Structures are given as structure tokens and as C-alpha cells.
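This report concerns a single protein model. Its sequence and structure are shown first, and the description comes after them.

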Amino acid sequence: MGIPYMFKSLSLILILNHLTCLAIISELEEDHEIVGDAGNHVDSWSMVQKKGNQFMLDGQPFYVNGFNTYWLMIFAVDESTRPKVSAVFQEASSVGLSVCRTWAFNDGQWRALQKSPNVYDEQGLDFVVSEAKKYKVRLILSLVNNWEAYGGKSQYVKWGKAAGLNLTSDDDFYSHPTLRSYYKSHVKTVLNRVNTITNITYKDDPTIFAWELINEPRCESDPSGDKLQAWIEEMSVYVKSIDPKHLLQIGSEGFYGESTPNKVQFNPNTYAQQVGTDFIRNHQVLGVDFASVHIYPDSWISQAISDAHIEFVRSWTQAHIDDAENYLGMPVMFTEFGVSRKDPGYNLTYHDALLSSVYQSVLNSTKRGGGGGGSLVWQLFPQGTDYMDDGYAVVLSKNPSLSHIISLQSTRLNMLNSLCSWKCRWSCKKKHAFSDY
């Protein structure tokens with residue numbers, strides 16, 4: 001049998017992107033006096049840091065094109081499903097994706113990481129971290145969920161009630177001292193764990209790009225934001241007291257709140273101002289290293305797709321890049337963005353346009369050394385996991401056009417990373433070198 005068409009298409013895309021990369025290198029070599037090796041940090045495995053509004057690796061700017069695959073740890077628990085974990089990292093690496101965001105929580109559920117407070121089974125997470133290193137992919141590890149999936153704050157409340165606590169809301173997760181102690185215990189257990197495969201303590205492992213306090217925090221019982229703000233302040237300092245080496249982010253969706261009434265115009269709807277989050281205020285907390293933003297116009301504006309969604313994406317991304325530079329002095333990463341194939345009116349052209357819009361905003365920022373640190377598409381799936389797909393899955397072998405867009409963004413950012421590691425005359429035609437790609 002011949003090679004299936006979808007694999008031919010993916011192979012052709014990779015070849016074309018390789019040729020694009022060579023073309024960029026050729027033009028850059030003409031415009032630079034190179035006195036060092038290009039991209040000398042590409043093969044290193046150092047801890048990613050940040051300086052001002054940029055991520056740094058080995059003393060040079062590091063821009064991220066990455067992805068989400070939340071279920072890796074759950075698949076890694078069982079030997080029969082572990083190959084899918086390896087497949088995700090292998091496919092991501094093939095198109096230049098360098099950072100993966102995934103769950104470091106599964107509270108009281110099937111194949112649980114935390115079976116109950118202080119009762120753990122971390123074998124699956126060990127495998128995820130070791131496989132990520134094998135394929136040179138760094139990890140953003142989220143420590144708890146705002147939502148019920150995989151336990152989340154509601155599971156902490158259930159544990160508290162089982163222990164006899166008088167709790168009335170899932171938002172008690174943020175304020176009750178016993179539940180806060182449960183979360184701190186979880187943080188301490190994960191960060192201090194010695195990986196049984198690599199023998200490296202998590203808090204010392206450069207494979208981990210950053211910790212995330214909570215996926216999409218909301219506290220609707222307190223629209224003022226004070227309750228969530230106090231939790232962020234406490235937990236950021238606590239994480240850093242255990243692990244000062246790694247970067248830390250909150251995990252926010254990016255909604256503007258009461259501290260910036262002039263910014264609420266950028267929110268997707270008025271409800272966004274009532275969920276207890278406040279983008280600027282939250283990210284001014286001691287210990288938080290970079291800002292996180294999510295992008296879901298099909299959930300926030302209307303399920304039926306339209307051109308208005310793309311306009312929202314442009315204004316939303318630019319507003320937060322401006323904030324990172326002008327108010328926060330830190331990088332911003334768009335840690336989730338995507339569109340569901342189940343949306344009314346969905347078509348591949350729209351999907352391509354949404355991804356391209358996010359990527360272009362990041363690229364425009366990076367080319368001028370701005371605060372746009374990168375983006376993570378939601379979400380990458382290997383073949384054979386269709387039953388897990390909620391409509392947002394990107395299967396590279398089945399989506400040649402999306403694969404091309406993703407791979408081209410990797411090529412562009414990797415060339416910027418390499419360019420920034422060259423000791424060249426800054427009269428060079430840096431921007432011109434990327435104008436046609």
C-alpha cells in the first residue's frame with residue numbers, strides 16, 4: 001500500500017517549512033556579522049527564566065509556540081495507554097512546539113493523582129515529565145482546577161465536608177483555612193517529589209517551564225475580587241517559598257475587573273466583570289512571573305462563529321500585550337485558545353483565521369522585543385483518541401492546513417530565538433528578514 005494522503009500532506013508541509021527556514025537563515029546571514037553559533041541555546045536544557053517582559057533561556061530571549069494536552073498524566077498511569085503520551089510529544093516536537101501545558105492534578109477521580117488529602121499516586125506524572133524531557137518539550141503544570149473536571153476545588157470542598165467542616169460554597173476553597181491547607185499540602189507534595197524515572201526533584205527540573213496555581217480561577221460569590229486576590233497572594237508566596245527557581249503564573253482567563261474600569265470595554269461580555277477576577281490587580285502579586293490569558297470567543301461571545309470573533313481576538317490579544325508592557329512589566333502568554341468544530345457555521349477557513357490571528361499578534365510583539373511571550377493552542381491530540389475530543393482537538397495528521405500554520409509559527413519564533421542569540425550589529429534588517437514569512 002502507498003503512503004496515505006494525510007501523511008503525504010504532513011510530510012510536504014514539514015519539507016516546505018524546512019525550506020522556509022533555510023530561506024530565512026540565508027537572508028539573515030547576508031544581513032548579520034555572525035561571531036557566535038546561531039541558536040546556541042537550542043540544545044541546552046537549562047531553567048527558563050524571565051527578565052522584564054521577556055522569557056529568557058541561557059541569557060537570551062525565548063519565545064514560545066506550544067500546546068495544551070490536559071489528559072497526559074491520566075493516560076500515563078496505565079502501561080496500555082502510555083504510548084499515546086509519547087505520541088503527543090513526538091508529534092508536537094515534529095512541528096516545533098516547545099512547551100506543553102497539562103494537569104498536575106486529578107483529585108479523587110479515576111486514576112487519581114491525589115486520592116484523598118495527602119494520599120497520592122504520582123507514577124503517571126513522573127512518566128509525563130520524563131517523556132517531555134526526552135522530546136525536548138517543557139511543561140507548564142497546573143496544580144488544581146476551578147471546574148469539577150478531574151476533581152478541582154469542588155472535590156476539596158467535598159473532602160472538607162467529609163471531615164465535618166461547615167462549608168456552603170465551592171468558593172470556600174479560597175477562604176477556608178483547612179481547604180487552603182489541603183491545597184498547600186498538594187503543592188508541597190508535587191514540588192518536592194523526586195521523579196522515580198529521572199531521579200530529579202520536580203522543583204529542580206528544567207523540564208518544568210512553570211507552575212500554574214489554578215486553571216481558570218473564578219470566585220463568583222465575591223465579585224469584588226478580594227477573596228480570590230487574597231488566595232493568589234498567599235499561594236504565590238507559598239509556591240515560591242518551596243521553589244524559587246521556576247516561573248509561576250496564576251492560570252487566569254484575562255478578564256478585567258474593578259481596578260481598571262477603563263479596560264472592561266475589552267471584556268467579551270458584562271458577565272466577565274462579575275466572576276471575581278481582575279487581570280491587572282491579580283498579576284501585580286508578589287511571586288507571579290508572567291501573565292496568562294485564554295481566548296474563547298465561541299464560548300464568551302456567541303457559539304455561532306462570525307467575523308466579530310476575529311476582531312475580538314485581535315483587540316483582546318493586543319490589550320493584554322499592552323498591559324504586560326505598560327503596567328505589569330512581565331511577559332504574557334496566551335495559554336489557551338481554540339475553536340470547536342461543533343460550533344454552528346464552523347469551517348476550516350475560520351479555524352485557520354483564528355489561529356493565525358493569535359500567532360500574528362504574538363509575532364508582531366516578539367519582532368519588536370515586546371511582552372508577547374508566546375501562545376499554547378487548545379489542544380493537541382494524537383490519532384486514536386477521538387473519543388476524548390470535545391470538538392477542539394487538533395490532530396496534525398488530519399489537519400494539513402492547521403499543521404502548516406502551527407509549524408510556520410514555530411519556524412518564525414525559533415528563528416527569532418536564534419537571531420537574538422547572535423552577536424550582531426543591530427543595524428541589521430531584522431524585521432525585513434521576516435517580512436515575507
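## Basis of the report

The structure is a predicted model, and the values given here are computed from its atoms.

## The second largest pocket

The second largest pocket has a volume of about 320 Å³. Its lining comprises 18 residues, of which E216, Y296, E336, W378 and D390 are the closest to the pocket centre. By class, the lining of this pocket consists of 10 nonpolar, 4 polar and 4 charged residues.

## The enclosed cavity

The count of cavities of 30 Å³ or more comes to 1. The largest cavity has a volume of about 30 Å³. Residues P217, S252, E253, G254, F255, T277, D278, F279 and N282 line the largest cavity. This lining divides into 3 nonpolar, 4 polar and 2 charged residues.

## Cysteines

A disulfide is a covalent bond between the sulfur atoms of two cysteines. A search of the whole structure finds 0 disulfides.

## Asparagine 417

N417 lies in helix 13, which spans residues 400–420. At 4% relative accessibility, N417 counts as buried, since the limit for that class is under 20%.

The side chain of N417 also approaches the backbone of another residue: one of its polar atoms lies 2.9 Å from the backbone nitrogen of Y63.

Methods
Residues numbered from 1 in each chain as written. Predicted model: local features only at pLDDT ≥ 70, side-chain atom pairs only at ≥ 80, totals over all residues. Heavy atoms only, no water. 1 Å grid on protein atoms, 1.4 Å probe; cavity = no way out; pocket = protein on both sides within 12 Å on 5 of 7 lines; lining within 4 Å. Points joined across faces, edges and corners; volume = space filled by probe spheres on them. Nonpolar A, V, L, I, M, F, W, Y, C, P; charged D, E, K, R; others polar. Disulfide = S-S within 2.5 Å. Helix = DSSP H or I, 4+ residues; strand = E, 2+ residues; numbered from the N terminus. Buried < 20%, exposed > 50% of the residue type's maximum accessible area, 1.4 Å probe, protein only. Polar contact = N/O pair within 3.5 Å; in protein donor to acceptor, adjacent residues only side chain to side chain.
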